[in-house]
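Student: Please take a close look at a single part of this model, then connect that part to the rest. Keep it plain, and state the cut-offs.

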Amino acid sequence: MTEITIPTDLLPHDGRFGSGPSLVRQQQLDDLVARGRDILGTSHRQPPVKQLVGAVQEGLATLFRIPDGYEVLLANGGSTAFWDSAAFGLVEARAQTAKFGEFGGKFAKAAAAPWLQAPDVRDAAPGSVAFLEAAEGIDLYATPHNETSTGAMVPVHRVDAPGALTMIDATSAAGGIEVDISQCDVYYFAPQKNFGADGGLWLALVSPAAIERIERIGASDRYVPDFLDLTNVVANSRKQQTLNTPALATLSLLESQIRWMNELGGLAAVDARTRESSGILYDWIERTPWASAYVANPEHRSQVVVTIDLDEAIDGTAVTAALRANGVVDIDPYRKLGRNQLRVGTFASVEPEDVRRLAASIDYVVERL
């Protein structure tokens, strides 16, 4: 392929558009350096780290305007560990799951654990969405808020099923999309998307009903490994700590980002920012003959992960390679979809002006290919 040099006046100032891990702002790094001597290489059971955890919990409570009685839990392992923790400690007998991409499917697999009844899986093809629906015998309803693999998004609404819990996988939505937390019992996420931190940690905003469920299952004779035991998570989170040693740099990056979001104007302001960024790309798609939105229904298109199908005459791999050579990175499609596609993270840290420059850079590359 002939080398393509994109003019500097077209290039984004920051070329990181990954769907996770995502762009980390310079201020987060500066804050980490400033506080590093106080926390790095120290015990996570001592006041400096516990104060940092407390600041994360308080900042999230403010950002999401959590209702009275809700708690902010955190533990190691990322969302992958949380799926198993939920199967052990939140599903009593049977879950219903919405599956419309890779990550909704992963919790459906976890909910098929041998001590549970087979889950009721509401399945939809990637690029569309599936919805939860009240059904007999279901005690937990689970759906992604935003499907990272496909760029599809659904609203958060509590399922009208007395006694059942509604659980939302918010890993790529949290901190970038407005949500009413009272509409669910568990809103869980990892911090490597809108929060611009590293993975390996999960956080959850949980209702009193979810806490009661955790404690009830924990008091039963169900076997639960210590690392996945949500009663341990509740007890340690209330002490502003985790069961085992957390990555302190991740906590620092996370706290800095939460503080920035609250200073920006809270979740409403961040929501407006990601809507602007994703809207720039959706408008660009509408006027670009060789590009189309993978998610056909505009109401279901994500505002934080934009997936773009390319005409078969355009070699998407060549496009992403040329962009990467110019410092614009991580807009490759989700590997398991196997599509001629671009996938762009428009998370909170991404500047809308850089999204405009990204579109111009893609145009420049395609014209020369």
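**Backbone, helix and domain contact**

Tutor: Q240 sits in the loop that joins α6 (230-237) to α7 (248-264); helices (H or I, at least four residues) and strands (E, at least two) are DSSP runs, numbered from the N terminus. This is a predicted model, in which local features need pLDDT of at least 70 and side-chain atom pairs count only at pLDDT 80 or more, while totals for chains, interfaces and linings use all residues. Residues are numbered from 1 along each chain as its sequence is written, and side-chain values use heavy atoms, with hydrogens and water left out.

Q240 is not a glycine, yet its phi is positive, about 60°. Its relative accessible area of 28% makes Q240 partly exposed; buried is under 20%, exposed over 50%, and partly exposed in between (1.4 Å probe, protein chains only).

R65, also not a glycine, has a positive phi of about 50°. R65 belongs to the loop between α2 and β1 (71-76), and with a relative accessible area of 48% R65 is partly exposed. Among the buried residues of α2 are V49, L52, V53, V56 and L60.

Another backbone feature is the cis peptide bond from G20 to P21, with omega near -5°. P21 is in the segment before α1 (26-39).

At the domain level, the chain is split into domain 1 (10-24 + 267-367) and domain 2 (26-264), with bounds from an automatic or database domain assignment. Their contact takes 31 residues from domain 1 and 35 residues from domain 2, counting heavy atoms within 4.5 Å. The C-alpha centres of the two domains are 27 Å apart.

Domain 1 and domain 2 bury about 2600 Å² between them, 58% of it on carbon and sulfur atoms; this is the accessible area (1.4 Å probe) lost on being put together, summed over both parts. On the domain 1 side, V24, L267 and H300 lose the most area to domain 2, together 28% of what that side buries.

The count between the domains is 1 salt bridge, defined as a side-chain nitrogen of Lys or Arg within 4 Å of a carboxyl oxygen of Asp or Glu. K336 and E102 form a salt bridge through their side chains, at 3.0 Å from N to O. α8 (267-286) and β11 (305-310) each supply at least two residues to the side of domain 1 that touches domain 2, and α8 gives the most, with 7 residues.

Methods: Buried area is the accessible area (1.4 Å probe) that two parts lose on being put together, summed over both.
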